[in-house]
Amino acid sequence: MKLTTRSHYSVKALLDLSLQPNYGPTSVKAIARRQDLPAPYLEKLLIEMRRFGLVNSLRGSQGGYQLARQPSQISLGQILEAVGETIEPLPYYHPNRDQGSDWVTFSLWKRLHEKLKEALYKITLADLYYDARSWQASLGEATSFVV
């Protein structure tokens, strides 16, 4: 599985939103500036994630985007799915019926894929937040950080 720019930017944006006081709204420009992301591309990703129910958008001078759920209720799998990423392995591969080793390899990759998919749907934004905080603490860094 390869994490694309879409995946990376989407996770960074939602993790940034999870850091907002009371999960309040923040503008695309503010997220883009803090995370060093291109604002027009980020806006498209946030629109996709809004359609999927991961974020809400609020209009007006104090508007922007905010998480639609608690960080502990948003998984990496949901984020990837929302922006159209696939984690399906070799969708058109069919093992050779005459070669047993081909079936064993196919079965192995299928099982690994299921475990990966399971893990992506178990890891949440809250987990990533605490992982980042722990990592920073181990380095002796301050608690504010850029994702």
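So, at what angle do the axes of helix 1 and helix 2 cross? Hold that thought for a second, and keep in mind that this is a predicted model.

Okay, the answer: the two axes cross at roughly 110°, and they come within 10 Å of each other. Angles from 65 to 115 degrees count as roughly perpendicular, so that's what we call this pair, helix 1 against helix 2. On the helix 1 side, the contact uses Lys12, Ala13, Asp16 and Leu17, and helix 2 brings Ile31, Arg34 and Gln35. By type, that splits into 3 nonpolar, 1 polar and 3 charged residues.

Let's stay with helix 1, which covers residues 5-18. Among the buried ones are Lys12 and Asp16, along with Leu14, Leu15 and Leu17.

Now, over to helix 4, residues 76-82, where we find Gln78. The Gln78 side chain makes a polar contact of 3.5 Å with the side chain of Arg69. Leaving out residues up to four places away in sequence, Gln78 touches Phe52, Leu54, Arg69, Gln73 and Tyr121.

Last stop, Arg51, in helix 3, which runs over residues 39-51. Arg51 has 67% relative accessibility, so it counts as exposed.

Technical notes. Residues are numbered from 1 along each chain as its sequence is written. This is a predicted model: local features need pLDDT of at least 70, side-chain atom pairs count only at pLDDT 80 or more; totals for chains, interfaces and linings use all residues. Side-chain values use heavy atoms; hydrogens and water are left out. Helices (H or I, at least four residues) and strands (E, at least two) are DSSP runs, numbered from the N terminus. Buried means under 20% relative accessible area, exposed over 50%, partly exposed in between (1.4 Å probe, protein chains only). A polar contact is a pair of N or O atoms within 3.5 Å; within protein, one must be able to donate a hydrogen and the other to accept it, and residues adjacent in sequence count only if both atoms are side-chain atoms. Contact means heavy atoms within 4.5 Å. The expected span of a helix is 1.5 Å times one less than its number of residues. Axes are lines fitted to C-alpha atoms, for helices over the stretch in contact, and angles run from 0 to 180 degrees between N-to-C directions. Angles under 35 degrees count as roughly parallel, over 145 as roughly antiparallel, 65 to 115 as roughly perpendicular and the rest as oblique. Ala, Val, Leu, Ile, Met, Phe, Trp, Tyr, Cys and Pro count as nonpolar, Asp, Glu, Lys and Arg as charged, and the others, Gly among them, as polar.
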